Amino acid sequence: MSEVIVITSGKGGVGKTTTTANIGAGLAQAGNKVVVIDADIGLRNLDVVLGLENRIVYDIVDVVNKVCRLKQGLIRDKRYEGLYLLPAAQTKDKTAVTPGEMFELCNDLKEHFDYVIIDCPAGIEQGFQNAIAGAQKAIVVTTPEISAVRDADRIIGLLEAKGLHNPMLIINRIRQDMVKRGDMMNIDDMIDILAIDLLGVVPDDESIVISTNKGEPVISDDNSFAGKAFSNISKRILGEEVPLLDLDVDESMLSKLRKLIFGK
Amino acid sequence: MNDKLVSFKGNNEGIYVHIKEGDFKVIKNQLELKLRKIGNFFKGSNVINFKGKQLTIQEKDELKTLIEEEYGIAICEVEDNKISIDDSNENIVKNDLFQGIDEGQTKFIRSTIRSGQCIEYDGNLVIIGDVNPGGQLIASGNIIVMGSLRGFAHAGKDGKRNAIVVAYNLQPTQLRIGDIIARKPDDEDCKFEMSKWPEIARIEQDVVMIEPYLPKK
């Protein structure tokens, strides 16, 4: 049973690409065959975050236009067995692919992979429509800022209108110390507004910047709390039948986080 | 699939043409065919209006000339106030404006109204769920939110100042009742305490008043 999951947010810069790279790596680490698709045509990033930029020969537009075979367009990751990237084109724009073509592409990929993960571009225009066309599930990424939450809310509405019900929420870049002081929205406030299930919380972490610049998913860094958070999120995606475990994992992660903050 | 986009229906005021959603050319063709077949039957009678599919003024004029000039059926247009496509509403006389503030047509919506979504209704509106910032509710009657109202609400949009807005948690970004507009205070310091009980907004002496409606708890 393969799944097509789109990772979206509406607002830019909240961590869609980082989330996509890390969830992809996490799922591949657990022994799944995973393909991550960069749907951000014209502004491709996912290849850089994964450190695969110099291996690109063909891209998604070539695959859709049948310039090359699907297999030729896929780039095998250098670290994770079973992780593949379908990069975006950099010289075209969002109109180079239609939602119908994207739907077909996802269906083709579904036959070869356990998970197809789509990195959605910011905005709600054609890039977004393309990215969600073939998806069966959606993950909405937001940060604890009013503007990001507002956009996430709009996106959830649009997803529901397109038949993607019950998207899951990832809250990225939370700073527990600021939440404690009341300077940052807390998790409950955000869930209260967005009214969807929480998949995970990722703390604000310097190691993300470091690993992104190095082109390595942070999930491979055992000392990073953000990496652990992404690892837990991947586990939750895999083990959806055990909802009780989710809370436990979440709780222990947060308590570890708290310890880190107060230990310093 | 395109068959019978056009049909003639009658109510106690006369005859109207009911048009289903479809290509305008097909609609025009079908209307012409239909008129040719049964045109004489309606001769001399009054067609009141078009219903169903929303027509542009141009399209309407085109159909009007077709009916009037070629088949001698007079059209006396009754101002339609946003007729819904829903057939079930057909027997309700359309041109009487929504009267109810104490009672009347009501729409129930069981979902969260999110940013960018807009619900407009000629009647009372009941939302079973939250209304998030950026969401809009517009009703000619009252608005009741069985949850948090954090978006925009306009009750009594036709100028009814006796309309009310009620919510379990009333925190709209902007609130309008009739022609009166109220908004959240800008001052961050006087941040209102999150009310612990449901509240009602109504107009008193040209000002929107917000108060709890349950006896002191």
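How many salt bridges are there between chain B and chain A?

## The contact between the chains

In this predicted model, the count between chain B and chain A is 3 salt bridges, a salt bridge being a side-chain nitrogen of Lys or Arg within 4 Å of a carboxyl oxygen of Asp or Glu. Glu160(A) and Arg114(B) form a salt bridge through their side chains, at 3.8 Å from N to O. On the side of chain B that touches chain A, there are 1 nonpolar, 5 polar and 3 charged residues, where Asp, Glu, Lys and Arg count as charged, Ala, Val, Leu, Ile, Met, Phe, Trp, Tyr, Cys and Pro as nonpolar, and the others, Gly among them, as polar.

Chain A brings 11 residues to the contact and chain B brings 9, contact meaning heavy atoms within 4.5 Å.

Leaving aside residues up to four places away in sequence, Ile60(A) touches residues including Ile37(A), Leu86(A), Met102(A) and Leu105(A).

Residues are numbered from 1 along each chain as its sequence is written, while chains are lettered from A and ligands numbered from 1 in the order in which they are written. Local features need pLDDT of at least 70 and side-chain atom pairs count only at pLDDT 80 or more, whereas totals for chains, interfaces and linings use all residues, and side-chain values use heavy atoms, leaving out hydrogens and water.
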